[in-house]
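I set out here what I looked up in the structure, entry by entry.

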Amino acid sequence: MNNQMRKTDRERQTERGRGIERLRGVMKAPPHHAVKGVQNYLEDAVRSLKPENEISLSISSRTDTGVHALGNSAHFDLQRQNGKPPFSEEVLVDALNFHLRPEPIRITRAYRVPGGFHARFRAVSRTYVYRLAAGVTHHSCTPLTDANLCWGLRHTDIQFWELTFKSRSFLYKQVRRMTGALVAVGQGQMSVSGVKELLEAQDSQAYPHNLTSPPEGLFLTRVEYHRSDLQPYTQEDSQS
């Protein structure tokens, strides 16, 4: 089944207020790491439902530490003990969120999916939004509600910009590098011809590392699938 995850604005603000890094990106962290990934918490929540089978989630989109996800997705197999029928969508979402309560992670929807479904490889598009705050002369000038949720730029008039990127898939740090290149051109640090040369080089190592935009301004906002892959639960399903 497929589950969509979301951090609420209040939860993000609470996370910032604690002054600690709560999540080590979306992927599972090794046992010896003090800070876990989103996948660790999700798998623990599913195991709390006491399934008969071993639990292993597959995440649709990997996000680095510091990047936000307003709408990621994952799939897993869940077989209840003693031949019990599948959970209904509402019960499953509520149960998982109950066990996720201490963390800034929430399940928003559950679907029945075909046996060959894969959250990563069956996705038809992914949408990212990069938020820029122009006119920030000092980090303390950024509104508290947007701290660590945008990239503050100096030397312009104060305004917020949102850059939207949509594709079936993206390369590692691709959105952050595209954003960094756009900002570099706008600030006169790179020429348009320089961007063209980078594209023609087709070598990620050729991109200047100091121009990659910071992770806190990046949001994964949506992962889309073919409608035929996502079939909502019905009451009949839970009783069959």
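Buried means under 20% relative accessible area, exposed over 50%, and partly exposed in between (1.4 Å probe, protein chains only). Strands (E, at least two residues) and helices (H or I, at least four) are DSSP runs, numbered from the N terminus. In a regular strand the side chains alternate between the two faces of the sheet.

I noted that this is a predicted model, in which local features need pLDDT of at least 70, side-chain atom pairs count only at pLDDT 80 or more, and totals for chains, interfaces and linings use all residues. Residues are numbered from 1 along each chain as its sequence is written, and side-chain values use heavy atoms, with hydrogens and water left out.

I then traced the pairing: strand 2 (residues 58–59) runs antiparallel to strand 4, and two bridges join them. Two strands pair if DSSP finds at least two bridges between them. I recorded Ala74 in strand 4 as the bridge partner of Ile59.

**Helix 5 and positive phi**

I checked helix 5 (residues 192–201) and found one buried residue among its 10 residues. Just after helix 5, Gln202 takes a positive phi of about 50 degrees. Most residues other than glycine have a negative phi. Gln202 lies in the loop between helix 5 and strand 9 (218–224), and counts as exposed because its relative accessibility is 74%.

Lys173 is in the loop between strand 8 (159–167) and helix 4 (174–186). Its relative accessibility is 28%, so Lys173 counts as partly exposed.
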